[in-house]
Amino acid sequence: MWRSVAARSRASLLTKAADNFVASTQNPKVLPSKTLTPLSHFPTRSPLPRFFSQLSENLSYSDTAEPPPFSVAENENDDFAPRDGVAGVSEELGSAEIGEVGEEEEAHEIDVEKLEGLLSLLSGSADGSLESSFRDLDLTLHEDFVVKVVETPVVVGENLIRFFKWGLKEKPEFRVNRQILDGVVLAMCGEGVTKEDMYSLWDLVKRVGENESNLLNVDILNVLMSSFTKLGEGRAALEVLSKFDGFGCVPSADSYYVAIEGLCKSGDFDCAKSVSEKMIEARSSPDAEKVGRIISWFCKAGMAKDAHSVYLLLKEEKQCRPSSSVYFLISSLSREDENVKLALDLLEEITGEARKYAIKPFSAVVQGLCRIKDVDGARKLLIQMTKEGPPPGNAVFNSVINGYSKAGDMQDAIEMLKLMESRGLKPDVFTYTVIMSGYAKGGQMEEACIILSEAKKKHAKLTPVTYHTLISSFCKLEQFDRALELFHEMKDFGVQPTTDEYNKLIQSLCLKALDWETSEKLLEEMRNSGLYLNGITRGLIRAVKELQTEKVECEQIVA
């Protein structure tokens, strides 16, 4: 058995000799011991192909055409060839980056029988006797041996964690270094990993990190967070982030992003907001695409103001802002009264050719300004849109016209109507309806009827709301003849009175005009049209009828 090999130069010579030997033999005695490469940058490192929940029947290997066997065939003469051990050890010495111990590095021969026995245990179903089985194997856990175990793709994740915990407890010679820890994390955090395996892995990493924090780095912690996020365990990803300081690590921009992603996907937006505040405070901005996703998640959760804070971080870092995310942010801010002005300021970000096609965010801001009763501000923005783009459509004009009509500023509303027509836009039924409503609320019924006449010229079919606006206003003014005239005119313009229309008109006739006869005629019309009048209104007709009948009888008696 090998005891030691002098320095790297001698190992290099042995490597060449071993390579020549391996090329000429088919049955090596000792498994090649190939060490793991230290973890490089997190975004570019791919996890090893490992499936822990079940054994894979179709395993693929990158360095061999066929899967390496667990057992080692004997030579024909059953002789031990020293060069077999040289091949395995020299390959380790040639590729490992473990560090030097004085001028020599100690290398260990892998006991194949014990390795096979251990792998058989680790690849089987877990049971309570697993630790005692480890003990029975009488293992020596040197680094080469442990690396070979970590590299085996059929090891069950739960068993691997139990093996490591057992080794740390039972084997004094077993030391976890950064290389082994990185390998375990990367191997386990692959496709098919379960929540149980991830939590077991995290418990192991915490145990190691609390004793030797220098073994952990930002990249490997990010891998853990990413796996928790994929499994929908946002709080677990947050716990990993909270341990960075204790492990002597500074969160990267990706660290914050992965934590926010996990929390948002699990619906924990309060915690996601807290992480985003720390990210902003640290001035650690992920790339524009990832920031765009954060903005979208916050906006969908009704956290437009917090999304705006994340946007400002991106702006301060002078990174490109994704157009789709900016548009979504503007629309979301416009829906909240206190944030409409922020949305208006963000419109300045949209310039050049992009402005011509940004009708959605501009329309949202116009609607928001009208909703907070800043109609003049909405008008100013609309006029700006007619000059610089995007060209306003009916919806934008209708918002401003509706705002002026509700405020009773009918002259401004008519001016906007004329501007709309001058741009080649055809006022729709809604446009005329809101103007009629504005006139009717101010008691200007003649002007309202003129607008109705204009609407009938431009549109063959009107809406129930168009007539209801005037009918209800005439009823309030107790001009029931005009109300009934408009009511029967509705059918001529493709509008079928609804149950609600009949109900409100009958109530007005009964309560204000005490006209039960007309009410009964309207009730009969409803029956013929297949409509049903509610019991309260039917009772009202009967009550008025009885009251009027008694009044007539009393008058006849007195006379």
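Which residues does Ser 285 touch, not counting residues up to four places away in sequence? Keep in mind as you look that this is a predicted model. In it, Ser 285 touches Ala 253, Val 291, Leu 313, Leu 314, Glu 317 and Gln 319. You'll find Ser 285 in the loop between α12 (269–281) and α13 (288–300). Is Ser 285 buried or exposed? Buried means under 20% relative accessible area, and Ser 285 comes in at 15% relative accessibility, so it counts as buried.

Now hop over to Thr 431, which sits in helix α21 (residues 429–441). Here the relative accessibility is 0%, so Thr 431 counts as buried too. What does Thr 431 contact, leaving aside its neighbours within four places in sequence? The answer is Asn 398, Ile 401, Leu 417 and Met 420. Take a look at Asn 398 in particular: its side chain makes a polar contact with the side chain of Thr 431, at 2.5 Å.

Finally, let's turn to a pair of helices, α5 (residues 143–151) and α7 (residues 178–188). Their axes come within 10 Å and cross at roughly 10 degrees. Angles under 35 degrees count as roughly parallel, and that is why α5 and α7 are described as roughly parallel to each other. On the α5 side, the contact is made by Glu 143, Val 146, Val 147 and Val 150. From α7 come Gln 179, Ile 180, Gly 183, Val 184 and Ala 187. Sort the residues in this contact by class and you get six nonpolar, two polar and one charged.

Conventions:
Residues are numbered from 1 along each chain as its sequence is written. This is a predicted model: local features need pLDDT of at least 70, side-chain atom pairs count only at pLDDT 80 or more; totals for chains, interfaces and linings use all residues. Side-chain values use heavy atoms; hydrogens and water are left out. Helices (H or I, at least four residues) and strands (E, at least two) are DSSP runs, numbered from the N terminus. Buried means under 20% relative accessible area, exposed over 50%, partly exposed in between (1.4 Å probe, protein chains only). A polar contact is a pair of N or O atoms within 3.5 Å; within protein, one must be able to donate a hydrogen and the other to accept it, and residues adjacent in sequence count only if both atoms are side-chain atoms. Contact means heavy atoms within 4.5 Å. Axes are lines fitted to C-alpha atoms, for helices over the stretch in contact, and angles run from 0 to 180 degrees between N-to-C directions. Angles under 35 degrees count as roughly parallel, over 145 as roughly antiparallel, 65 to 115 as roughly perpendicular and the rest as oblique. Ala, Val, Leu, Ile, Met, Phe, Trp, Tyr, Cys and Pro count as nonpolar, Asp, Glu, Lys and Arg as charged, and the others, Gly among them, as polar.
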